[in-house]
Amino acid sequence: MEPQESTKRSQDEIHDTATPQQQEPTHDEPASKRQRLDESAETQNGTTKKSPVDRVKGVAPIKAEYLIVAPGQSAKVVVPDVIDDDEAEGRGTIEHQQQGDSRDAGKGGKRKKKTGQNKERTFGTFSDAQRLCNSVAWTPEFSPRSCKFGERCNGLHDIRKYLKEGRRADLETFGGKCPTLEKFGKCPSGWRCLFVSSHSKEVEHEDGRKELVLTDKDGNTYPDDGDTGDANTEVVNNVEGQIKIDLSRKRVQFEKSDKYLKWLEKDTQIFRDHHHKQKDGGAEALDYRAMYVEPPFKPSEKKRLYFGRETPALAPLTTQGNLPFRRLCVDLGCELTYSEMAMGMPLLQGAKSDWTLMRAHKSETTPPRFNGDGPVAQGYDNSKDLKFGAQIAANVPWVAIKSTEALARFLPHLRLIDLNCGCPIDMLYKSGAGSALLDAPSKLERMIRGMNAVSDDVPITAKIRMGVRDDKFTAQKNIERLALGSEEHRDILGAPGCAAVTLHGRTRQQRYTRAANWEYIAETAAMIKRLNEKTDSLTDTIREVDERTLPNGGRMFFIGNGDCYSHIDYFDHVDNAKVDTVMIGRGAIIKPWIYEEIQTGQYLDKSATERLGYIEKFARYGMEAWGSDELGINYTRRFLLEFLSFFSRYVPIGLLEYLPPSINERPPAYKGRNELETLLASKDYKDWIKISEMFLGPAPATFSFTPKHKSNSYEIEAEG
């Protein structure tokens with residue numbers, strides 16, 4: 001049952017700067033009727049920002065009446081513990097790193113050994129007490145399929161015994177009705193579904209025998225073969241299992257990549273010889289040009305992209321950026337989405353886990369909003385555009401190139417392929433991937449060129465940081481190289497063909513210890529504008545590039561990233577930093593309706609009931625994506641808890657003394673306007689489990705969860 005909230009806010013909860021015309025909102029009224037809460041000392045368009053002199057840096061300015069003060073103590077603002085967002089993300093094998101960076105050094109500069117919670121985080125076990133054999137999992141009781149294991153099978157074949165002893169009782173959430181059945185008309189989990197009583201019945205035959213059968217939404221029984229059909233037709237980019245098997249057994253041929261890599265190896269050697277000899281003769285240039293092999297597709301033959309003021313993007317978020325969460329963000333107005341970062345080598349090896357990251361919801365295949373207010377590349381067709389793009393990481397060119405060819409070949413719904421050049425995780429960095437590419441510009445250029453050559457009509461983009469070290473920013477030089485190519489290559493090979501660059505305003509060394517540097521992002525935007533206008537303001541040595549190699553008709557799009565937490569931040573960055581759009585990371589996990597705020601141009605004081613509704617949506621979307629059986633439900637629970645670890649950090653704006661809110665501020669202990677709001681603000685993961693149980697039922701006794709924030713072996717890859 002959904003908790004009830006108080007129906008109206010008291011007068012002192014109205015924001016201090018509300019104008020006389022603003023009416024007090026009821027706590028549960030829809031977003032379209034809620035008041036606009038303008039920033040104190042802020043102009044209507046949000047271009048001027050001033051904070052009161054008594055605002056404590058790093059501390060969310062909670063109104064005094066909501067602060068929790070211990071008996072006998074005065075109302076004193078206590079600086080809360082800072083959550084290390086570098087510890088909040090990780091994935092797959094990268095998660096289990098044993099080494100930290102220099103921040104882990106103890107006395108004498110020696111690195112401390114990792115200890116404590118979550119060194120290698122596990123989630124316990126959450127499977128049925130007894131496994132049901134697949135031969136009977138979707139069939140009528142008397143019509144099982146043939147079991148390929150025969151007498152050697154260790155699974156149950158007795159459906160009645162399985163329902164009685166092999167699994168727990170049906171869940172009572174959602175009124176006991178299976179959400180996937182209600183959505184698609186059939187449940188793909190069959191007898192394993194924890195709502196199976198809502199889509200099964202016992203039928204009596206003429207001979208008096210009673211048989212258990214599965215039914216669809218209309219009460220019709222499934223065919224004797226137990227074929228539920230492709231129940232979830234809303235998920236795209238499902239790569240066939242045989243393709244993954246062929247990849248794992250090296251049966252897939254990469255003709256384009258092999259041809260390009262053969263040329264690249266020879267070309268690289270020629271260039272090295274040329275460089276070491278330091279010759280400038282025309283014959284050398286002719287020899288070098290003669291070895292060049294035209295790629296099947298020039299960048300100008302790629303699909304045209306568009307990034308504009310009306311297309312706020314969701315960053316590639318490891319773990320957090322799963323399909324149900326992206327779907328929720330699209331519901332709330334997100335216009336561009338990215339997969340979680342996939343590793344190039346596992347993709348080539350057919351790893352199911354990495355190919356699963358490429359799945360997208362059909363809402364991500366719809367065109368993004370398009371007003372045409374910003375620069376538009378000639379030939380851009382919004383009706384053929386879509387929201388979803390893929391991000392990969394690789395440490396050597398051949399892995400990046402071949403994995404790009406695989407994605408372009410096997411994924412029919414792909415806006416772009418983005419190369420991760422900013423991930424700070426030690427294991428990735430030390431392998432030469434992620435942010436390590438920032439200090440290897442030649443390798444980075446070869447990667448982008450090669451990816452462009454084999455990606456068919458799919459554009460190639462890159463996501464970078466300001467640099468590796470705080471004392472050496474390399475982003476602008478890297479972007480110039482991605483836009484035009486190195487000076488030695490551009491007159492022969494043309495531009496690498498990078499269609500867009502996203503810059504996260506931090507270095508690898510900095511991580512999240514300081515705010516994102518939007519001044520540097522603005523400087524970089526100005527530089528890119530000069531590159532796009534082809535002026536001679538950079539250096540006198542830049543030569544004219546081959547226009548055929550320029551993507552988007554000669555325009556490189558530029559996206560800013562870092563600390564965006566409100567529509568005020570968003571439009572400030574677009575208007576003043578002059579980025580084409582902003583990519584939002586942590587701000588979207590904490591407050592997914594930030595996209596709705598951007599669309600409406602106003603703060604939205606979401607009630608606790610509305611926020612609980614988003615959690616319910618996530619639970620429904622998770623079961624639709626992963627199943628309503630024991631495994632699928634607790635897979636959904638695991639990712640819902642990851643989501644709540646950020647979602648709980650949201651402080652309702654009606655509780656704040658001043659606006660705008662800052663993503664880097666942490667609140668002192670406070671209470672909400674009602675019990676549910678207080679519960680949603682809890683930092684205790686046990687409360688998050690209680691919230692999950694409202695929709696996913698009781699967590700199994702064997703289920704465990706440790707927040708990544710408490711882990712000292714996890715680092716954040718989520719950008720922004």
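User: Is Gly219 buried, partly exposed or exposed, and what is its relative accessible area?
Analyst: This is a predicted model, and the middle category runs between the 20% and 50% cut-offs. Gly219 falls in that range, so Gly219 counts as partly exposed, with a relative accessible area of 29%.

User: Where is Gly219 found, and how many Å apart are Gly219 and His199, C-alpha to C-alpha?
Analyst: Gly219 is in the loop between strand 2 (210-214) and strand 3 (235-236). His199 is 20 residues apart from Gly219 in sequence, and in space their C-alpha atoms are 7.3 Å apart.

User: What span should helix 15 have at 1.5 Å a residue, and how far apart are its end C-alpha atoms?
Analyst: Helix 15 covers residues 518-533, which is 16 residues. The expected span uses one less than that number of residues, so it should be 22 Å. That agrees with the model, where the end C-alpha atoms are 22 Å apart.

User: Which exposed residues does helix 15 carry on the face turned away from its buried side?
Analyst: The buried residues of helix 15 are Trp518, Tyr520, Ile521, Thr524, Ala525, Met527, Ile528 and Leu531. They cover an arc of only 165° around the axis, so they sit on the same side of helix 15. The face turned away from that buried side carries Glu519 and Lys529.

User: Is Asn478 buried or exposed, and which residues does Asn478 touch, leaving out those up to four places away in sequence?
Analyst: Asn478 lies in helix 13. Its relative accessible area is 4%, so Asn478 is buried. Leaving out residues up to four places away in sequence, Asn478 touches Leu438 and Pro441.

Note on methods
Residues are numbered from 1 along each chain as its sequence is written. This is a predicted model: local features need pLDDT of at least 70, side-chain atom pairs count only at pLDDT 80 or more; totals for chains, interfaces and linings use all residues. Side-chain values use heavy atoms; hydrogens and water are left out. Helices (H or I, at least four residues) and strands (E, at least two) are DSSP runs, numbered from the N terminus. Buried means under 20% relative accessible area, exposed over 50%, partly exposed in between (1.4 Å probe, protein chains only). The arc is that of the directions from the helix axis to the C-beta atoms. Contact means heavy atoms within 4.5 Å.
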